[in-house]
Amino acid sequence: MTDLTWIDATLTSARPQAVAALLRYFRDLDAAEEAFQDACLRALKSWPQNGPPRDAAAWLIMVGRNAAIDSARRQSRHQPLPAEELISDLNDAESDLAERLDGAHYRDDVLRLLFICCHPDLPATQQIALALRIVSGLTVRQIARAFLVGEAAMEQRITRAKRRIAEADVAFETPGPVERAERLAAVAAMVYLIFNEGYSAPGGEVDARGRLSDEAVRLARLLLRLFQTEPEIMGLTALLLLQHARSAARFDAEGAVVLLEDQDRSLWNHKLIAEGLALVDKALRHRRPGPYQIQAAIAALHARAARPQDTDWAQIDLLYGTLERLAPSPVVTLNRAVAVSKVRGPAAALEMIEPLEPRLSGYFHYMGVKGGLLLQLGRTEEARAAFDQAIALANTAAEAAHIRLHLDRLMRDTAPARA
Amino acid sequence: MLYAILCYHSEDVVGAWTKAEDDACMARLGAVHEKLAREGKLGPVARLLPTTAATTLRKDQDPPLVIDGPFAETKEQLLGFYVLDVAGLDEALEAARDLGRANPGGAYEIRPIALFSPGTAGAAPP
């Protein structure tokens with residue numbers, strides 16, 4: 001690995017902590033980002049010659065802070081900048097100082113930085129874009145590609161989001177336990193949103209969107225390192241890892257969706273699955289179930305099944321039942337119905353989802369599941385109608401193509417003349 | 001003489017590698033492993049899951065306390081280890097240098113082994 005790759009990885013990994021600490025110091029997002037950028041430029045000059053500092057984040061915080069103070073001084077008194085060697089020669093004693101200053105607040109700093117991005121005034125897409133720009137350090141171009149919008153439009157979206165945040169009141173005091181728990185829940189939801197944004201990738205943009213899923217996993221691991229004993233953060237991280245593990249198997253060569261039961265399980269990433277299963281085990285030990293843990297436990301049952309027919313659907317049905325009680329939602333019931341159809345048959349499942357129709361009639365997956373159940377029951381005309389509706393509701397070409405496959409099969413199987 | 005090579009690296013940095021970078025590093029290490037295996041020096045090799053997957057049992061009290069997370073919060077974390085059968089420290093260091101060229105950054109702790117039992121457990125599940 002070349003020096004530059006190493007430095008790049010170090011800067012990326014230090015970014016959340018460094019920007020978070022600089023934000024607490026300057027209490028202004030733009031100032032914090034600018035100071036971090038400055039520090040990175042100096043790192044690129046200094047680290048190849050002087051070697052990497054022992055604590056990269058502390059170095060960046062210290063240098064970023066000094067650079068900002070220098071530039072303020074320069075603007076007010078036209079003083080020359082200090083010589084580059086002075087900054088580059090920051091020794092370990094100073095790093096230790098920076099660490100003492102920031103180590104105690106590290107956890108709340110990073111949480112605050114993430115929490116700022118999920119301000120309730122911001123629509124979900126802006127929250128995600130902001131977090132990816134500020135916390136993950138993705139370029140506007142990378143984010144724009146993931147959202148399939150132009151760079152200028154994305155730039156504008158991020159600028160607007162930042163302005164809103166600047167106007168909002170953000171507490172810089174150390175949060176109390178209740179506030180901390182609230183922030184953590186909001187941040188966890190945002191990380192899951194980022195993941196889903198990447199996970200629902202249409203075929204063509206797999207790379208750009210896959211990047212979002214990678215970032216979400218990284219942020220979840222970061223949260224878990226900060227909150228090592230939170231079972232729901234273990235659950236969230238496990239859920240993302242277990243779903244992410246399947247990404248190579250989720251689309252075929254043409255970019256069409258491959259359903260879980262049709263996926264080539266040898267393409268699943270078993271290292272990610274091992275990590276996810278380990279985290280589910282750790283979370284269960286706490287006996288404080290929550291929605292992320294239950295969803296992770298469901299994903300774990302899929303991951304543990306060597307073949308689709310080995311899936312423990314009865315257990316999945318039970319887990320969805322628990323999820324329905326903890327976090328009731330028609331989508332959860334819809335997912336449960338799929339498990340019910342495996343355990344008690346398609347009629348029971350159809351009976352379960354039909355009451356959802358008024359609320360889910362505009363939802364692609366509802367029509368897809370309904371069509372599938374009707375098909376199993378031999379009610380082909382009704383199935384065809386549901387599939388037609390699903391195609392009309394599809395969000396991506398891949399989704400539509402997948403339903404069309406069902407329809408084609410239906411046409412073929414119900415054709416009057418058989419060879 | 002058996003030596004353990006304990007691999008320490010910043011988990012944040014390793015975690016920031018892209019899959020391509022990680023794969024490239026593993027491929028470079030694989031070449032070194034092959035050489036060591038040919039020379040009959042390579043014992044068990046392990047890469048550990050992230051410290052977030054770790055659980056610690058503190059047994060300095062009764063009953064022992066189960067804690068989420070790694071034993072020690074350090075800047076660099078124990079991410080894996082090797083067992084090598086080499087003539088002495090010089091050879092262990094030479095192997096560590098080869099591994100270090102394939103996987104720069106972090107540190108290797110080279111530690112002589114007092115008791116080694118290869119055990120009966122099979123390879124870790126895939």
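Tutor: Let's start with a term: a residue is buried if 20 or more other C-beta atoms, placed from the backbone, lie within 10 Å of its own, exposed if 12 or fewer, and partly exposed in between. This is a predicted model, where local features need pLDDT of at least 70, side-chain atom pairs count only at pLDDT 80 or more, and totals for chains, interfaces and linings use all residues. Residues are numbered from 1 along each chain as its sequence is written, and chains are lettered from A and ligands numbered from 1 in the order in which they are written.

Student: Why is A:V280 called buried?

Tutor: A:V280 has 26 C-beta neighbours inside 10 Å, so A:V280 counts as buried.

Student: Which residues does A:V280 touch, leaving out those up to four places away in sequence?

Tutor: A:A238, A:A296, A:A297 and A:A300; contact here puts the C-beta atoms, placed from the backbone, within 7 Å.

Student: And where does A:V280 sit?

Tutor: In helix α13 (residues 270–284) of chain A; helices (H or I, at least four residues) and strands (E, at least two) are DSSP runs, numbered from the N terminus.

Student: How many residues of domain 1 of chain A are in contact with domain 2 of chain A?

Tutor: 15, and they meet 14 residues of domain 2 of chain A. On that side of domain 1, α1(A) gives the largest share, nine residues.

Student: What is the mean pLDDT of chain B?

Tutor: It's 92, with 96% of its residues at 70 or more; pLDDT is the predictor's confidence in each residue, from 0 to 100. For the complex, the predictor gives an ipTM of 0.86 and a pTM of 0.85.

Methods
Contact = placed C-beta atoms within 7 Å.
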